[in-house]
Amino acid sequence: MFFSYTASVILLSLAMYGMWYCIRDLWKWWLEPRLVSVPSCSFLIVVRNLDYRVEDLLRYLAHEIERAEVDCDIVVVDVSSDDFTAMILERLVGDIPIMKVVMFSEEIRPVSDAIALCRGSVVHVMDLAHRMSIDDFMVAVCGLLRQDYQDVMLKRAAR
């Protein structure tokens with residue numbers, strides 16, 4: 001079947017347009033991530049009296065870090081909990097190798113003292129003891145780790 005000249009030009013233009021997008025997507029997928037390295041990050045989490053949810057939250061965070069394939073560590077600061085939070089955290093340190101636990105009294109400023117334990121160049125501070133709710137924590141972790149961290153850093157590097 002033969003097409004008219006106009007139809008042939010339109011089909012050829014659409015084919016070239018599709019090929020351009022295919023090459024551009026391959027470039028983004030294959031070559032761009034090698035040009036920029038993603039910085040390491042740390043999660044500094046302040047907890048107090050969260051024995052009923054702390055295990056689920058930290059296991060969720062460790063799972064999301066593993067899934068995102070980003071170099072991260074977790075530093076948990078227990079601010080004088082008077083429930084089973086400390087025992088749960090001590091047990092989790094053995095299960096989650098990227099996690100460190102520090103116990104502080106309420107008089108000490110936990111963020112300024114514990115930030116030295118974070119090894120990442122970017123530190124995300126999440127205060128579950130005073131400022132954040134558990135739902136806010138889940139949303140923040142999704143926002144920080146589920147989005148393509150590499151795409152965010154590539155866009156910053158392109159600017």
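This is a predicted model: local features need pLDDT of at least 70, side-chain atom pairs count only at pLDDT 80 or more; totals for chains, interfaces and linings use all residues.
**Entry 1**

Residues are numbered from 1 along each chain as its sequence is written, and side-chain values use heavy atoms, with hydrogens and water left out.

I noted that two packed helices are described by the angle between their axes and the distance between the axes. Here the axes of H2 (residues 54-68) and H3 (residues 85-95) come within 10 Å and cross at roughly 25 degrees. That makes H2 roughly parallel to H3 (angles under 35 degrees count as roughly parallel). The axes are lines fitted to C-alpha atoms over the stretch in contact, and angles run from 0 to 180 degrees between N-to-C directions.

Which residues make the contact? On H2 I listed Val54, Glu55, Leu58 and Arg59, and on H3 Thr85, Ile88, Leu89, Arg91, Leu92 and Asp95 (contact means heavy atoms within 4.5 Å). I sorted these residues into five nonpolar, one polar and four charged (Ala, Val, Leu, Ile, Met, Phe, Trp, Tyr, Cys and Pro are nonpolar, Asp, Glu, Lys and Arg charged, the others, Gly among them, polar).

Val54, Leu57, Leu58, Tyr60, Leu61, Ala62, Glu64 and Ile65 of H2 are buried (under 20% relative accessible area; exposed is over 50%, partly exposed in between, with a 1.4 Å probe and protein chains only). After H2 comes glutamate 69, with a positive phi near 55 degrees.

**Entry 2: two loop residues**

Asparagine 49 is not a glycine, yet has a positive phi of about 50 degrees. I found it in the loop between strand E1 (41-47) and H2, partly exposed at a relative accessible area of 25%. Serine 80, also not a glycine, has a positive phi of about 40 degrees. It sits in the loop between strand E2 (72-79) and H3 and is partly exposed at 30% relative accessibility.

**Entry 3: the chain**

I counted six helices and four strands (DSSP runs numbered from the N terminus: helices are H or I of at least four residues, strands E of at least two). Of the 159 residues, 31% count as buried.

Conventions. Angles under 35 degrees count as roughly parallel, over 145 as roughly antiparallel, 65 to 115 as roughly perpendicular and the rest as oblique.
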